[in-house]
Amino acid sequence: MAGSSSFVVVANRLPVDQVNTPEGPTYRRSPGGLVTALQPVLAQHKGTWIGWTGATTKHEDRAPEAFELDGMELYPVPLSPSEMERYYEGFSNSSLWPLYHDAVEQPVYKRRWWEEYRRVNQRFADATAKVAAQNATVWVQDYQLQLVPAMLREQRPDLRIGFFLHIPFPPVELFNQLPRRAEVLKGLLGADLVGFQRPLGAHNFLQLTRHVLGLRPRGDSVELPDGRTVVAGAFPISIDFAEMQNLAQNPEVIQRSEEIRSELGNPRSVILGVDRLDYTKGIERRLKIFRELLTEKRLTAPEVVMVQVATPSRERIEQYQSLRVKVEREVGRINGEYGRVGQAAVHYLHQSYSRTELAALYRAADVMMVTPLRDGMNLVAKEYVAARVDNAGALVLSEFAGAAAELRQAFLCNPHDLDGVKESLMRAVTIDPTDAARRMRTMRRHLRTHDVQAWAESFLTALDRTGRTA
Ligand code: GDG
């Protein structure tokens, strides 16, 4: 039986943070570009967002009731601690995440993880089938839910289904490692439109339908044996540009950014990194580069200092624990060799910050280093540009981040080539203000129109079109 929502978003997480009060848990909207872009669409269409609240519940417990927030209906899907371990930490983040990021860390495959991934995907699909109205539009998000489109279509062929992958989609040679590769591809092919960050992702996907399933993709689509056509395309995600720009113009944020510089000892240059503590982000190499430049005396501390915010992430997974040890060892080494009493060379912060503090940090940074080994898009790079309302600052950006395709005026570099990154960083540190302003202005002009609202609109328009031409 159909439900009543004509627009449904399905994502691993609901856009909320749980706040525990004496009366029990309540939810507060979490900051994020995705919810900013989708909230107006959801509010307008009596829409529902289906996802996990972020707190595991024992099997026997029921999921919290659906609730309303800012005009959106939020529909919680329960996850038990062992499902969390196998579906989320296991198959999603220890198999798929490293594999899809060029296997920069060795993916781990375990059969019981797959079983749980399938079961949890089925639960999300069942919930969606229940709440979606007849002929509704459903938008499934990201690698944790790749089986949902086909599971949903089986129950509800009337729906128009879109899928968007936030992370890279690997080439044939890598994807072929995946023990359940055919099932994953068939899962995605349940959608009418499969969206990727970059055209290469769409290309890899279409090639795989040929190599693994023997289909014959043509142009940007592939026809299935049942006669249905699935379209693949690139929809580079972006940020809420206006939100970051407004934050950065706020007098309190400006004052805070001045305070940060003075707390750092008023250095000539502040180099900033802001990342989830993840091995795809290239944090360790970035620190090594800074150390080498200090050793070679091309940079000297504390005239130049580095601030590295490494937001805690996936802390129960072993590879993340060992990354933390390696990063912290490197920070200790740099400060041991190049710091002074009361004057660190690297300020390392394994903490999560508010949006206002992030905006103040962006404004305080002369150089922003975004040097992932592989990244679907990288929103931090775009946020830095949006925050530079003063047209100052310079961005060093990895060619392996999706954002590099758009932010061409950044100092682009290959994060595997340490000497190349060093050159880019030195050019950014010593940039002439007129050149910096020219580059920043061009990047800002691009992002002003290519924001997250435009992204959602372009995906949903394309999804709508697939229904008409089919
Ligand atoms: C995945 C893909 C793709 C970070 N620290 C704090 C904080 N953040 C915010 C940033 C930014 C977001 O988290 C991180 O987004 P990224 O895009 O940089 O990276 P992933 O988390 O890996 O995201 C990526 C993205 O999905 C979207 O499709 O771009 O390629 O890997 O917005 O500002 N926010 C707050 N405190 C922090 O300490 N409040």
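What distance separates the centres of domain 1 and domain 2, taken over C-alpha atoms? The answer is 30 Å. The legends below describe a predicted model.

**View 1. Domain 1 meets domain 2 in the protein chain.** The domain assignment gives domain 1 as 5–237 + 454–465. Domain 2 covers 241–449. At the contact, 22 residues of domain 1 touch 21 residues of domain 2. The size of an interface is often given as the accessible area lost when the parts come together. Here the two domains bury about 1800 Å² between them. Carbon and sulfur atoms hold 59% of that area.

**View 2. Helix H9 crosses helix H12.** H9 spans residues 251–263, and H12 spans residues 355–364. Their axes come within 8 Å and cross at roughly 60°. H9 and H12 are therefore oblique to each other. The crossing is right-handed. H9 brings Val253, Ile254, Arg256, Ser257, Ile260 and Arg261 to the contact. H12 brings Thr356, Glu357, Ala359, Ala360, Leu361, Arg363 and Ala364. By class, this contact has 7 nonpolar, 2 polar and 4 charged residues.

**View 3. Helix H10 packs with helix H11.** H10 runs over residues 283–295, and H11 over residues 318–338. The angle is about 15°, and the axes lie 9 Å apart. That makes H10 roughly parallel to H11. The crossing of this pair is left-handed. Among the H10 residues in contact are Ile283, Leu287, Phe290 and Arg291. On H11, the contact residues include Leu323, Val327, Glu330 and Tyr338. The residues of this contact divide into 9 nonpolar, 1 polar and 6 charged.

Conventions:
Residues numbered from 1 in each chain as written. Predicted model: local features only at pLDDT ≥ 70, side-chain atom pairs only at ≥ 80, totals over all residues. Heavy atoms only, no water. Axes fitted to C-alpha atoms, helices over the stretch in contact; angles between N-to-C directions. Helix = DSSP H or I, 4+ residues; strand = E, 2+ residues; numbered from the N terminus. Parallel < 35°, antiparallel > 145°, perpendicular 65-115°, else oblique. Left-handed = near helix turned anticlockwise from the far one by under 90°. Contact = heavy atoms within 4.5 Å. Nonpolar A, V, L, I, M, F, W, Y, C, P; charged D, E, K, R; others polar. Domains from an automatic or database assignment. Buried area = accessible area lost by both parts, 1.4 Å probe.
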